[in-house]
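This briefing goes through a few sites in one protein model. Please look at the sequence and the structure before reading the points below.

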Amino acid sequence: GVVILDFGSQYTQLIARRIREANIYSEILPFNAPIEEIKKHNPKGIIFSGGPASVYEPDAPKPDERVFDLGLPILGICYGLQLITHHFGGKVVKAERHEYGRAELEILNKEDLFKDFPDYIHVWMSHGDRVLELPEGFEPIAITFNSPYAAIRNKDKKIWGVQFHPEVAHSYMGKEVLRNFAVNICGITPNWTMGNFLMEKQAEIRKEVGNKKAICALSGGVDSSVAAVLVHNAIGDNLTCIFVDNGLLRKGEREQVEKTFRDNFHIPLIVVDAKERFLKALEGVEDPEKKRKIIGNLFIEIFEEEAKKIPDVEYLVQGTLYPDVIESVSVKGPSAVIKTHHNVGGLPEKMNLKLIEPLRELFKDEVRELGKELGLPDDIVYRQPFPGPGLAIRIVGKVNKEDLEILREADAIVVEEVKKTGLYRDLWQSFAVLLPIKTVGVMGDYRTYEKVIAIRAVESKDGMTADWARLPYDLLDNIMRRIINEVEGVNRVVYDITSKPPGTIEWE
Ligand code: XMP
């Protein structure tokens with residue numbers, strides 16, 4: 001496969017992802033990985049990622065110099081290109097004009113990197129430095145208005161460089177650039193799949209954990225579910241999953257988790273019924289952030305209690321995804337010492353467990369692909385995100401048992417009706433919210449005075465920004481009628497048409 005040396009770009013994982021999409025194996029190593037380490041991976045080609053530094057600074061990150069003597073093709077991206085230029089005696093300077101965003105690339109040479117490309121493509125630039133003079137033996141193979149050396153090569157030395165970012169979605173045919181490098185230039189056969197990823201990850205974890213014991217906090221969401229099944233494949237019943245029923249779950253969630261993990265996958269599963277404890281802790285609490293804190297802390301407390309009952313646990317499995325990983329220079333082994341993490345509300349350091357995060361290189365849709373590969377049911381694989389504090393932050397204000405029942409029923413109707421129309425997978429989230437107000441209605445010949453349910457349905461790529469979904473009127477109508485007819489205590493249904501920003505997705 002390809003080894004990617006990470007110089008700290010926020011896009012490094014995207015490079016790996018694009019290469020995976022082209023069915024080619026890749027691995028990310030720190031920029032300063034020694035040559036012996038690089039060789040161990042037996043690469044057919046090397047990619048230098050971008051990065052925030054300037055090559056002319058004294059402490060600029062540099063690779064092991066011997067990487068240039070391996071005789072392997074090298075592709076430098078952005079900082080990577082500048083590094084190559086600098087290394088071979090060219091000149092890199094601070095650009096008078098920074099180049100950010102879209103640029104039109106004119107392709108001069110279509111022999112290798114741009115094989116079968118059109119004459120012009122739109123690419124994404126993001127750089128402050130630029131190449132002023134090429135080193136000897138290098139030639140430009142593409143240009144933009146601002147960059148006479150937007151793409152370069154030295155065929156004899158087998159070195160290519162691009163100033164733009166082929167890995168970002170906004171670079172047209174960017175994936176083909178990376179594919180061309182791997183296939184045409186490095187000569188790699190594209191036959192790698194997510195199935196291979198799975199086998200490799202499992203082997204890696206088996207080797208690391210061996211006969212020691214691990215626990216996993218299972219939430220029933222896709223990330224922790226995929227992580228649990230993957231690790232169970234690797235280490236068998238040395239993994240125990242803990243599922244905390246906090247009483248704030250959606251309808252049927254606990255039963256589904258029990259059925260899937262205990263009955264179908266035969267994974268040791270501890271289900272903790274903590275409904276009453278959570279209700280009691282939340283009693284009278286109105287402030288959303290207080291609710292979150294109480295729920296997060298109690299979860300940790302209960303998880304710890306349960307974990308202590310299992311002797312000699314050394315590892316904690318977490319379904320952390322790449323977008324959750326903040327460090328820029330990434331990739332260690334499968335384990336690093338535990339640190340707080342929002343997904344599980346920050347399991348504390350004093351538990352002193354080593355972390356297994358098999359999904360930390362992946363994006364959500366790749367995790368779903370893995371879930372399919374592992375045989376998880378669609379209901380889990382394509383499940384919409386659900387917040388840790390659950391229904392407690394979808395009852396505006398104080399939480400009690402009766403309101404939880406009302407909301408759970410209403411929410412189940414929303415999900416069921418949305419699924420019937422086939423829209424469930426296109427929506428980031430679709431759910432019900434219970435409002436702490438009563439309004440007047442008329443049912444039969446009687447005046448009613450009951451609660452309001454708000455429907456929230458949004459489209460989003462990552463939850464950071466979102467737009468309200470233009471749900472069909474007939475769907476909204478069905479939801480309204482079913483909720484009012486079937487859920488006692490509700491006489492009015494409204495639809496939330498707020499985008500994010502300015503609204504948030506959840507009401508609290
Ligand atoms: P907001 O409401 O901030 O939500 O627009 C963005 C995404 O994050 C989820 N969310 C949470 N997830 N704990 C979680 O695990 C939380 O406290 C929490 N609050 C919001 C929300 O469901 C949406 O997908």
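A backbone N or O atom of Ile 505 lies 2.7 Å from an oxygen atom of the ligand. Taken alone, the ligand exposes 490 Å², and the protein buries 73% of that. The model is predicted, and the points below are grouped by site.

**Ligand surroundings**

- The residues around the ligand are Arg 292, Pro 387, Gly 388, Pro 389, Trp 428, Gln 429, Gly 463, Lys 500, Thr 504, Ile 505 and Glu 506.
- By type, this shell divides into four nonpolar, four polar and three charged residues.
- Arg 292 has a polar side-chain atom 2.5 Å from an oxygen atom of the ligand.
- Trp 428 also places a polar side-chain atom by an oxygen atom of the ligand, at 3.3 Å.

**Residues listed as active site**

- In an unreviewed entry, UniProt lists Cys 78, His 165 and Glu 167 under "active site".
- These residues span 90 residues in sequence, yet no two of their C-alpha atoms are more than 11.1 Å apart, so they gather at one spot.
- Cys 78 sits in the loop between strand 4 (74-77) and helix 3 (79-87).
- Cys 78 has a relative accessible area of 5%, which is under the 20% limit, so Cys 78 counts as buried.
- Glu 167 is found in the loop between strand 9 (159-162) and helix 4 (174-185).
- Glu 167 is buried, with a relative accessible area of 0%.
- Apart from neighbours within four places in sequence, Glu 167 is in contact with Tyr 11, Leu 14, Ile 15, Arg 18, Ile 77 and Leu 178.

**Residues listed as binding site**

- Under "binding site", an unreviewed UniProt entry lists Ser 219, Gly 220, Gly 221, Val 222, Asp 223, Ser 224 and Ser 225.
- Ser 219 belongs to the loop between strand 10 (213-217) and helix 6 (222-235), and Gly 221 is in the loop between strand 10 and helix 6 as well.
- Is Ser 219 buried or partly exposed? Its relative accessible area is 40%, so Ser 219 is partly exposed.
- A polar atom of the Ser 219 side chain lies 3.0 Å from the backbone nitrogen of Gly 221.
- Not counting residues up to four places away in sequence, Ser 219 touches Ser 224, Phe 243 and Glu 253.
- With that exclusion of residues up to four places away, Gly 221 touches Ile 380 and Arg 383.

- Gln 256 lies in helix 7, which covers residues 253-264.
- At 16% relative accessibility, Gln 256 counts as buried.
- The side chains of Gln 256 and Arg 383 are joined by a polar contact of 2.8 Å.
- Beyond its neighbours within four places in sequence, Gln 256 is in contact with Asp 379, Ile 380 and Arg 383.
- Ile 380 and Arg 383 are also touched by Gly 221.

**Arg 482**

- Which helix holds Arg 482? Arg 482 lies in helix 13, residues 473-486.
- Arg 482 is buried, with a relative accessible area of 19%; this value is under the 20% limit for buried residues.
- Not counting residues up to four places away in sequence, Arg 482 touches Ile 413, Glu 416, Glu 417, Lys 420 and Val 487.

How values were computed: Residues numbered from 1 in each chain as written. Predicted model: local features only at pLDDT ≥ 70, side-chain atom pairs only at ≥ 80, totals over all residues. Heavy atoms only, no water. Helix = DSSP H or I, 4+ residues; strand = E, 2+ residues; numbered from the N terminus. Buried < 20%, exposed > 50% of the residue type's maximum accessible area, 1.4 Å probe, protein only. Contact = heavy atoms within 4.5 Å. Near = heavy atom within 4 Å. Polar contact = N/O pair within 3.5 Å; in protein donor to acceptor, adjacent residues only side chain to side chain. Areas by Shrake-Rupley, 256 points an atom, 1.4 Å probe, with all protein chains shown as cover. Nonpolar A, V, L, I, M, F, W, Y, C, P; charged D, E, K, R; others polar. UniProt positions renumbered as here; feature names shortened; annotations may be inferred.
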